Amino acid sequence: MTESALGTTLVIANAHVVTMDGDRSEYSDGYVVISGNKIVDVGSGKAPAYPNAHVIDGSGCLITPGLVNTHHHLYQWITRGLAADSTLFEWLTTLYPVWAGIDADAVHVAATGGLTWLAKTGCTTTTDHHYVVPRDAGDVFEAEITAAAQVGLRFHPCRGSMDLGQSSGGLPPDHVVEKLDDILTGTQSVIDRWHDPNTGSMLQIAVAPCSPFSVTESLLRESATLARENGVRMHTHLAETLDEERFCRELFGCTPVEYMERVGWVGPDVWYAHAVHLDDAGIETMARTGTAAAHCPTSNARLGAGIARAADLVNGGVTVGLGVDGAASNEACSLIEESRHALLFARAKGGPQTMTVRKALELGTIGGARVLGRDSEIGSIEVGKLADLAVWKLDTVAHAGITDPVAALVLGSTPPLKLLLVNGRIVVADGRVTTVDEDVVASDVARAHRDLLGKA
């Protein structure tokens with residue numbers, strides 16, 4: 001089945017349904033009904049009859065809300081596999097000269113590849129933090145936004161920026177940073193052109209200076225003012241490594257969270273990527289101010305950055321979602337794998353009761369929706385919410401016979417998708433993306449990878 005479900009009634013029956021609603025309802029023999037782009041019914045037992053409905057037999061399947069990715073760098077899809085054994089700062093200094101050669105075409109190809117893979121692994125909504133904006137690169141934001149529209153994912157691109165180059169004490173080379181005024185003008189332009197604040201939006205912009213070691217205090221303060229004047233959210237990397245902790249203490253005389261609070265970067269409109277190295281006071285500050293976190297366990301492990309205190313954040317009242325981070329530090333980029341790693345790493349530190357399989361899935365669904373301020377629209381399977389759903393096949397040799405379908409999804413290998421719906425539109429059917437040609441995407445990615453490394 002490759003047609004769109006928009007404008008029709010679609011019934012998915014005979015499946016195990018995990019709703020992630022307020023009661024965390026589950027139906028072992030359940031159904032979901034979609035009309036247009038909305039969920040109109042969900043329940044247990046035989047599905048009601050709807051005139052002219054298209055009925056899909058979900059026997060052997062698990063239906064979950066579509067996964068929500070709260071941190072990514074899509075341009076990195078064409079720079080995977082480099083600096084495979086480096087620390088974060090070593091990795092960045094290796095890759096910045098490569099990334100300096102990106103242009104709009106490369107970003108479009110990379111974003112298309114990264115978004116296609118996210119779709120194949122159950123993701124329906126994703127952010128992107130794009131902070132490398134070379135001169136004469138063309139419109140890199142239009143490039144990735146166009147890619148998201150083609151693949152069909154709900155998209156929250158973050159207009160990133162860097163203005164603190166090496167000559168001024170920052171980490172990035174001077175030739176990949178921008179001037180403050182250019183950043184503010186460019187950010188306002190992206191918001192004016194692309195941001196859609198309406199209910200059901202497929203495209204919302206956030207403001208996202210890169211990190212404390214690559215931006216000035218002036219950029220942080222002025223970008224916060226710009227974001228709040230425009231009513232958009234704010235995102236940045238924070239507390240990812242001990243190197244960053246030392247950097248903040250030496251330059252600012254405080255922890256990264258204390259610095260963020262000083263410059264106005266806390267609040268319910270702010271979320272941090274990583275938040276690995278937090279003390280109790282930092283967690284309390286985030287909880288008190290409503291500041292959220294994007295937990296990226298795979299990337300943190302790949303770079304040896306550490307294991308975030310995810311359970312402490314959740315138990316302390318911080319809103320937590322999951323992120324795959326950039327493909328250059330997480331070559332897998334599978335969000336359901338982030339649920340697995342969030343659970344395994346939490347248990348490795350705190351024991352088997354530290355995080356349940358359902359809590360791990362919650363972080364990747366309704367948790368991510370809360371991080372992005374979209375939990376009234378997505379993140380759970382409830383009547384009136386947008387039809388962003390993943391239908392996982394659990395009757396293959398990899399999963400057949402596993403007692404608990406949620407354990408099968410979170411602890412087992414990533415299952416194939418029978419169906420992925422975004423805004424009621426079929427984006428994946430029987431394991432294949434329907435909106436783009438996967439073989440063409442793969443060929444384009446290989447070409448762009450070769451071309452970019454050739455430039456470097």
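A residue is called buried when its relative accessible area is under 20%, exposed when over 50%, and partly exposed in between (1.4 Å probe, protein chains only). Histidine 129 is at 0%, so it counts as buried.

Before going on, a word about the model. It is predicted: local features need pLDDT of at least 70 and side-chain atom pairs count only at pLDDT 80 or more, while totals for chains, interfaces and linings use all residues. Residues are numbered from 1 along each chain as its sequence is written, and side-chain values use heavy atoms, with hydrogens and water left out.

**Histidine 129**

This histidine belongs to strand S7, residues 123-130. (Strands are DSSP runs of E with at least two residues, helices are runs of H or I with at least four, and both are numbered from the N terminus.) Leaving aside neighbours within four places in sequence, histidine 129 is in contact with a list of residues including His71, His72, His73, Cys158, His235 and His237. Contact here means heavy atoms within 4.5 Å. Alanine 327 sits 198 residues away from histidine 129 in sequence, and their C-alpha atoms are 12 Å apart.

**Threonine 289**

Over in helix H8 (residues 280-289) you'll find threonine 289. Buried or exposed, then, is threonine 289? With a relative accessible area of 17%, threonine 289 is buried. Not counting residues up to four places away in sequence, threonine 289 touches Glu261, Val266, Gly267 and Pro268.

**Polar contacts**

A polar contact is a pair of N or O atoms within 3.5 Å; within protein, one must be able to donate a hydrogen and the other to accept it, and residues adjacent in sequence count only if both atoms are side-chain atoms. Here are the ones for our two residues:

| Side chain of | Partner | Distance |
|---|---|---|
| threonine 289 | side chain of threonine 291 | 2.7 Å |

Now for helix H11 (residues 335-350) and helix H12 (residues 357-371): their axes come within 9 Å and cross at roughly 135°. That angle makes H11 oblique to H12. (Under 35 degrees is roughly parallel, over 145 roughly antiparallel, 65 to 115 roughly perpendicular, and the rest oblique; axes are lines fitted to C-alpha atoms, for helices over the stretch in contact, with angles from 0 to 180 degrees between N-to-C directions.) On the H11 side, the contact is made by Leu335, Ile336, Ser339, Leu343 and Arg347, and on the H12 side by Val357, Ala360, Leu361 and Gly364.
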